[in-house]
Amino acid sequence: MNEKQLHELTAKIKSKSSDKIDIQQPSLTNAKQRGKESVNYNREFVIPREMKNVGVGKKYLIRTFGCQMNEHDTEVMSGILTSLGYEATTETTEADIILFNTCAVRENAENRVFGEIGHLKPLKLHNPDVILGICGCMSQEEAVVNKLLKTYQHVDLIFGTHNIHRLPQLLQQALMSKEHVVEVWSKEGDVIENLPKIRRGGIKAWVNISYGCDKFCTYCIVPYTRGKERSRQPIDIIEEVKDLAKLGYQEVTLLGQNVNAYGKDFEDKNYSFANLLDELRDIDIPRIRFTTSHPRDFDDALVDVLAKGGNLVEHIHLPVQSGNNEVLKLMARKYTREQYLDLVNRIKLKIPNASFTTDIIVGFPGETEEQFEDTLSIIKEVGYDSAYTFIYSPREGTPAVKMEDNVPMEIKKSRLQRLNNLVNEITATKSIEYQDQIVEVLVEGFSKKNDQMLSGYTRKSKLVNFMGPEECIGKIVKVKITKAKTWSLDGEIIENAIEV
Ligand code: SAH
Ligand code: SF4
Ligand code: F3S
């Protein structure tokens, strides 16, 4: 596209004047409020009659950024769009609707999204009827919505994480009006059940157990973008997992920002995450995982139920963030290094073969060399199978933004490198323990690197590649490890399908 065309496009979309638009904008201040009001459960999702076939003969594309929560929200939006008659496509040029389901957790994630939205400008020029929508966690931020309205005028629709179920109505407005449609709720709404979902793959499924987060770690934007902690009713979760088992799914991952706080918001019953897992154990599905566990709410009852094993896998993702008590305090993680290590030891005692993974932030405001070294030492002490490591990213509206930060970016980068080197070393050592072992692999498909090989994951989430017949896909097979590499294992199949 040349300069003139770009100019024309800008003029054309500028006619969407911002003083006419139907706007319900987010406010981080309001998002921070945690009211005492009870959670309502809404089971009546209906598609407006006039929208029922609106997508017939049309296509949608959703680009997803961020965590599993977002991946699963995309499955819900795919379900809703499919109910309207739309079909999925992977080509932007074929799409009648393009949605960006965004992540706000770090600045570089946001910059990537802005870059990609910018790239869609020419497409909008060639096809002004295409609807471009931005949703997910970035939409919950005031600054982002203001920037979109000002600088990215080719965006038609902005909605947030609390009103995904309103997609049909919002789309209807966007299709009918030439103006921006913005509807972002700062306060979470009801828990909505019975939303349609299009799950990918048919082997592994995500199941939400709770929404939101009340922990307010000082660096984190999630409590503002996802609202107050709200648990789904046990019966709804149990029924969903039973249905997935009937459909032949082999693995379920229970999702929540802090799954261990599950049930704390119930006013009518004492029912915890441990209770939920105990009930899910009885369902005939081979593997149940969960993410994410906050160390503070990981109680002994939970350790005990996990120790029962069965379909509850012995892999625990337990973000530590830092190994230093002063930093943990500034982060408001609400546990000490000693308490964290005590928890790990209690788990190891009851589940001797448990594996641990974690999340770490380096370069938190003011972090000293000694404090960083405490993080290195806790990594060694726990012996994580792997770790997700990040450089601290200031998030507008969070308390940490106001903390004095005298650590130069160069030092932060070098700490990240040192941390990654250590994590990789430990991952490699842990991997070697698999040599000649027999593991159970849930086969997901052909290996991405070598399409002659099959690939899948062990109960502890270790990637295994091996030669085997195609009919193993979707099944759990026994594989003997012949070569242990750092990030994956090579093996040979010894038993086609196992009874679980
Ligand atoms: N609810 C989960 C996941 C939160 S986001 C939990 O509590 O573990 C995933 C990870 O991103 C966090 O564990 C943290 O390590 C990282 N993260 C969150 N905010 C960040 C920030 N401002 N800068 C850098 N990393 C961050
Ligand atoms: Fe963010 Fe902390 Fe909540 Fe996790 S527990 S989502 S890091 S505030
Ligand atoms: Fe990102 Fe929102 Fe998940 S900020 S990490 S998509 S909860």
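Predicted model: local features only at pLDDT ≥ 70, side-chain atom pairs only at ≥ 80, totals over all residues.

The shell around ligand 1 comprises 14 residues, of which Tyr219, Gln257, Gln321, Asp359 and Ser393 come nearest. Sorted by class, this shell holds 7 nonpolar, 4 polar and 3 charged residues. Domain 2 (199-313) and domain 3 (325-432) each provide at least three residues of the shell. With regard to secondary structure, at least two shell residues come from each of strand S16 (355-362) and strand S17 (386-391).

Polar contacts with ligand 1 involve both backbone and side-chain atoms of the protein. Tyr219, already named among the nearest residues, has a polar backbone atom 3.0 Å from a nitrogen atom of the ligand. Ser393, likewise in that group, places a polar backbone atom 2.8 Å from a nitrogen atom of ligand 1. Arg106 takes part through its side chain, a polar atom of which lies 3.1 Å from an oxygen atom of ligand 1. Of the 540 Å² that ligand 1 exposes when taken alone, the protein buries 89%.

The cysteines may be considered next. How many disulfides does a search of the whole structure find? The search finds 0. A disulfide is a covalent bond between the sulfur atoms of two cysteines. Are Cys103 and Cys472 buried or exposed? Cys103 has a relative accessible area of 11% and is therefore buried, since the term applies under 20%. Cys472, at 1% relative accessibility, also counts as buried.

Conventions:
Residues numbered from 1 in each chain as written. Chains lettered and ligands numbered in written order. Heavy atoms only, no water. Near = heavy atom within 4 Å. Polar contact = N/O pair within 3.5 Å; in protein donor to acceptor, adjacent residues only side chain to side chain. Areas by Shrake-Rupley, 256 points an atom, 1.4 Å probe, with all protein chains shown as cover. Helix = DSSP H or I, 4+ residues; strand = E, 2+ residues; numbered from the N terminus. Nonpolar A, V, L, I, M, F, W, Y, C, P; charged D, E, K, R; others polar. Domains from an automatic or database assignment. Disulfide = S-S within 2.5 Å. Buried < 20%, exposed > 50% of the residue type's maximum accessible area, 1.4 Å probe, protein only.
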